[in-house]
Amino acid sequence: MGVRIQALEYYLPDGKVTNDDLKEQFPDYDFGKFESKVGIVNRYWVNENETALDLAEKACLKLFDRIDKDNVDYIIYCTQSPEYILPTTACLLQDRLGLPKSTGAFDFNLGCSGYVYGMSLAKGLIESGQVNSVLLVTAETYSKYLNPQDKSNRAIFGDAASATYLIRDEIIGLGQFTFGTDGSGAEKLIIKNGGTRNACLSNAELKSYGSDNHYTDNDLYMNGPEIFNFTSENIPGFTKEVLEKNNEILENVDYFVFHQANSFMLEFLRKRIKIDKNKFYVNMADGGNTVSNTIPIALKRLSEEIGPIQKPKSVMIVGFGVGLSWAGGIIELTNNI
């Protein structure tokens, strides 16, 4: 027995922010160059009263138009935008969705590698016989963590949620997963204040980085060049590890869906790994970097572009970023998700 994806949906909030919108706020920034290099045209942000849980609920409701919610045995909820410090947001989602009290539910805190981790956790729950199905949810509202004067991160990050329904099946739709962690690089992508180590400060010092970007320790900070270095040093070799773990070779994989961080980074990785351009899927112009949501959004869009699947398509998924954390695996699309 195996595990496969039966259905997948995602949701973007209504607050569309174009590069032209950002140009009005930052008139000296070359958004034309940004668009051609990074590949982002639009991103979507929640309003002041909207949360990641709201987006998660809407993604799940879209999914329930296609599957019977009464068959959901377990919720795995990936977020770095929790509703509260406690309780776990997955419990709140179970109640909002009206799922039975017999439903298992927990959160885990991971960013760009989170979807791949979630797939592996769902696979383990199902293959071990504990449940027959898992609702894997990712939801992020990084827009709430961005300083109004941080033009780089405001241009990159968008909000979104996804819902993936995985089931026990005779088809082996999920292969083997591989992981990596380097906590020594944690401060390269971090929000320092707001946890138990450092409280949020009402008068937090305004700091500068890069080309006239500003933030405080209450806000998200990302050292872009260092994140690029981390990715370029680790992911090409890691891709080979994923192939070896699955007893596969590069040429036999039908598609590659990596974390949609930015087009420049993805093209660098594609060339370094020597992946055929026609197999390397990039679709981030509408949405931007939505953290743990980028891979499921890309998978859904890829499935729609492929059309009716006559023969299963193998897809390598690789996530990498905040943590520092990375994860990869090979899955099969056996139907249009």
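Visitor: Is H3 largely enclosed by the rest of the structure or left open?

Guide: The general idea is to count buried residues, where buried means under 20% relative accessible area, exposed means over 50% and partly exposed lies in between, with a 1.4 Å probe and protein chains only. In H3, 9 of the 12 residues are buried, so the helix is largely enclosed by the rest of the structure. Please note that this is a predicted model, in which local features need pLDDT of at least 70 and side-chain atom pairs count only at pLDDT 80 or more, while totals for chains, interfaces and linings use all residues. Residues are numbered from 1 along each chain as its sequence is written, and side-chain values use heavy atoms, with hydrogens and water left out.

Visitor: Which residues of H3 are buried, and what covers them?

Guide: The buried residues include Ala 52, Leu 53, Leu 55, Cys 60 and Leu 63, and also the acidic Asp 54 and Glu 57. Their cover is read from contacts, meaning heavy atoms within 4.5 Å. It includes strand E1 (2-11), strand E4 (74-78), helix H4 (89-97), strand E6 (133-140) and strand E7 (160-169). These elements are DSSP runs numbered from the N terminus: helices are H or I with at least four residues, and strands are E with at least two.

Visitor: How many helices and strands does the protein have, and what is its radius of gyration?

Guide: The protein holds 9 helices and 16 strands. The radius of gyration is taken over C-alpha atoms, and the globule rule is 2.2 Å times the number of residues to the power 0.38. For 337 residues a compact globule would come near 20 Å; the protein has 19 Å, which agrees. Its C-alpha trace spans about 55 × 45 × 35 Å along the principal axes, and buried residues make up 57% of the 337. Of the contacts between residues at least 6 apart in sequence, 78% join residues at least 24 apart.

Visitor: Which residues does Phe 228 touch, not counting those up to four places away in sequence?

Guide: Phe 228, in helix H7 (residues 224-245), touches Phe 264, Met 265 and Phe 268. The C-alpha atoms of Phe 228 and Phe 264 are separated by 9.9 Å, although the two residues are 36 apart along the chain.

Visitor: Where are cis peptide bonds found?

Guide: One inspects omega. A cis bond joins Leu 86 and Pro 87, with omega about 10 degrees, and Pro 87 is in the loop between E4 and H4. The bond from Gly 323 to Leu 324 is also cis, with omega near -10 degrees; Leu 324 is in the loop between strand E15 (313-321) and strand E16 (325-333).

Visitor: Which residues other than glycine have a positive phi?

Guide: Among them are Lys 274, with phi of about 70 degrees, and Val 291, with phi near 60 degrees. Lys 274 lies in the loop between helix H8 (263-273) and strand E14 (286-287), whereas Val 291 lies in the loop between E14 and helix H9 (294-306).

Visitor: Is Lys 274 buried or exposed, and is Val 291 buried or exposed?

Guide: Lys 274 is exposed, at a relative accessible area of 70%. Val 291 counts as buried, at 0%.
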